[in-house]
Amino acid sequence: MARREGGVEPVISTVLIVSADQKVNAERIAVALWHQSVDGESYNVPLSATGMAPATHYGTHTWATQQFIDMLSAAQAGESLPPAPWGSVGLTEADVYAVCADLIVSEREDGQHQGHFDAALAANGLSEIVEES
Amino acid sequence: MLVRVGTLMGSSIGTGEASSWTPSLLPNLFAWYDAADLTTLFQERSGGTTPSVVDGVVGTVRDKSGNARHITCSGDTQRPLLRLSGSSYRLEFDGVNDNLRTTFTLPQPVTRIHGFAQISWTSTDRLVDGGSSVGAAVSQVGVSPDLQANAGAALNLTGEFAIGAAFILTEQWNGASSSFQINNETAATGNAGTNTQAGFTMAARGDGATLYANVHWYGSIICSSILSASDIASAKKWLGARAGLSL
């Protein structure tokens, strides 16, 4: 059970997986929504069914608030989007809804997060493409 | 060393000494990162205005050496968490894509001292590295929980760093005369290569792109020289106390 101090909102272990053809727009959403730098990267783990290149999907693990999860759920349901300068990053609302509809989302409570990413990959028939050191 | 009864022994958590010794007293201090100094941890990856909180993300760890070699990551999803275990603060890297890094140029000889606890072990994942894909790395290589140092040549490390156990790693990068020690155990010595460190990367390959380690990190001290035995002992004791170790 995670510790909570001073009424801080608990974080949720969140795995996000996007199709390779939606990655560019997914990164643009990150720029518009959480001020990621233009050259930054959120979905930076390459994935495929075989664990070999080329990547068919890209994944990430993050710690999200319930507010973010609720916002994502609403977007995936086609109900609403958070206010953000989508146009400034070259996106229309239709583009954002398309990314959200494509997105695979897995959540676990903090404290249950060990092995979460690997479990989410396995549940979706994906493996990480590991670059040799 | 005199100890005054009733005197507060140090002003920060777990200094491990009755004196006011801190890494700031080390010669050639190049960078110093301390997970227990909450005034140096921020949620944002740039700017750094919102302090990190326990069980919350850390986007920036500021360098306490005065040299402004702060470490951060390239995406919000890559931020580790700040954890508190007993009285020990540590950053938790998820082994998926969390990392913190910065770039600089630092040729050997170099001393780096770190506090770690491996959460899990995956072959070739890197606990620490320089600032590029060709650097000075300590990786999970061999059989769990073994480690290997490599700055162009491989030197295997053995010692008591079982999964879950905190340990202090003292690295002396000095070409053929390199030395790597776990806590106060017998050091592994020999040639670990001569690569110049192009920066500092925590829990990933030096370019921050892959080989992410699942590790707890208590802090690191980097000096641009080989420290004396006395200075190393002081630094290990100080950082060890941060990790709940008595060295």
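**View 1. Buried residues of helix H1 in chain B.** In this predicted model, the buried residues of H1(B) are B:Ile232, B:Ser234, B:Ala235, B:Lys236, B:Trp238, B:Leu239, B:Gly240, B:Ala241 and B:Arg242. Their cover includes several strands of chain B, namely S1 (29-34), S6, S8 (110-118), S13 (166-173), S14 (178-182) and S17 (214-223).

**View 2. Helix H1 of chain B from end to end.** The helix runs over residues 229-242, which makes 14 residues. From its first C-alpha to its last it reaches 20 Å, close to the 20 Å expected at 1.5 Å a residue. Just after H1(B) comes B:Gly244, with a positive phi of about 80 degrees.

**View 3. The contact of chain B with chain A.** Chain B contributes 28 residues to the contact and chain A contributes 27 residues. Between them the two chains bury about 2,100 Å², with 43% of this on carbon and sulfur atoms. On the side of chain B, the most area is lost by B:Asp55, B:Thr77 and B:Val96, which together account for 25% of what that side buries.

View 4. Across the interface of chain B and chain A, 11 residue pairs are in polar contact. Strands S5 (81-85) and S6 (88-94) of chain B each supply at least two residues of the side that touches chain A. S5(B) gives the largest share of that side, 4 residues. By type, the residues of this side are 9 nonpolar, 10 polar and 9 charged. The count of salt bridges between the two chains is 1. In it, the side chains of B:Arg83 and A:Asp110 meet at 2.6 Å, N to O.

Notes. Residues are numbered from 1 along each chain as its sequence is written. Chains are lettered from A and ligands numbered from 1 in the order in which they are written. This is a predicted model: local features need pLDDT of at least 70, side-chain atom pairs count only at pLDDT 80 or more; totals for chains, interfaces and linings use all residues. Side-chain values use heavy atoms; hydrogens and water are left out. Contact means heavy atoms within 4.5 Å. Buried area is the accessible area (1.4 Å probe) that two parts lose on being put together, summed over both. A salt bridge is a side-chain nitrogen of Lys or Arg within 4 Å of a carboxyl oxygen of Asp or Glu. A polar contact is a pair of N or O atoms within 3.5 Å; within protein, one must be able to donate a hydrogen and the other to accept it, and residues adjacent in sequence count only if both atoms are side-chain atoms. Ala, Val, Leu, Ile, Met, Phe, Trp, Tyr, Cys and Pro count as nonpolar, Asp, Glu, Lys and Arg as charged, and the others, Gly among them, as polar. The expected span of a helix is 1.5 Å times one less than its number of residues. Buried means under 20% relative accessible area, exposed over 50%, partly exposed in between (1.4 Å probe, protein chains only).
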